[in-house]
Amino acid sequence: MNLAGYSGSILLTNTTAITMTTTDNKAIRAIQVLSDTVFTTLTDITSKTNGNTVASVSADYGTITEGSVLYGTFTAVTLTSGKVKLYF
């Protein structure tokens with residue numbers, strides 16, 4: 001993980017779905033919450049059931065407050081509302 005963005009970053013301020021594949025070794029390693037945010041989809045590749053990736057939805061997380069940083073290996077992010085910076 002590189003929070004300095006040397007491997008790239010994306011500013012996400014709308015409901016556009018961002019999807020990464022681990023086959024090209026490009027996953028989201030950290031999510032910096034820039035304003036209070038609600039996720040529609042937040043998929044972490046460590047969330048597995050019977051070998052299948054399971055998407056975690058906003059109801060599981062509620063509102064994530066500004067200033068929070070989420071760490072993991074995320075492959076899909078869609079916002080309901082808010083603003084985040086995604087780091088690779």
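Biologist: How many helices and strands does the chain have?

Modeller: In this predicted model, local features need pLDDT of at least 70 and side-chain atom pairs count only at pLDDT 80 or more, while totals for chains, interfaces and linings use all residues. Residues are numbered from 1 along each chain as its sequence is written, and side-chain values use heavy atoms, with hydrogens and water left out. Helices (H or I, at least four residues) and strands (E, at least two) are DSSP runs numbered from the N terminus, and the pattern along the sequence is β-β-β-β-β-β-α-β. The chain therefore has one helix and seven strands.

Biologist: What percentage of the residues in the chain is buried?

Modeller: A residue is called buried under 20% relative accessible area, exposed over 50%, and partly exposed in between, with a 1.4 Å probe and protein chains only. The chain has 88 residues, and the buried share of them is 33%.

Biologist: How many bridges join β3 to β7?

Modeller: Two strands pair if DSSP finds at least two bridges between them. Strand β1 (residues 9-12) pairs with β7 in the antiparallel sense over four bridges, and strand β2 (residues 18-19) also pairs with β7 in the antiparallel sense, over two bridges. β3 and β7 run antiparallel as well, and the number of bridges that join them is 15.

Biologist: In β7, which residue is the bridge partner of Ile18?

Modeller: In the pairing of β1 with β7, Ser9 has Tyr87 as its bridge partner. For Ile18, the bridge partner in β7 is Val77.

Biologist: The side chain of Thr37 reaches the backbone nitrogen of which residue?

Modeller: Thr37 lies in strand β3 and counts as buried, at 0% relative accessibility. Contact means heavy atoms within 4.5 Å, and, leaving aside neighbours within four places in sequence, Thr37 is in contact with residues including Gly62, Ile64, Leu79 and Val84. At 3.3 Å, the side chain of Thr37 reaches the backbone nitrogen of Lys83.

Biologist: Is Glu66 buried or exposed?

Modeller: Glu66 is placed in the loop between α1 (58-61) and β7. Not counting residues up to four places away in sequence, Glu66 touches Val33, Leu34, Ser35 and Asp36, and its C-alpha atom is separated by 8.8 Å from that of Lys83, 17 residues apart along the chain. Because its relative accessible area is 55%, Glu66 is exposed.

Biologist: Why does Thr78 count as buried?

Modeller: Thr78 lies in strand β7 and touches Thr15, Thr16, Ala17, Phe39, Thr40 and Thr41, not counting residues up to four places away in sequence. Thr78 counts as buried because its relative accessibility is 14%.

Technical notes. Polar contact = N/O pair within 3.5 Å; in protein donor to acceptor, adjacent residues only side chain to side chain.
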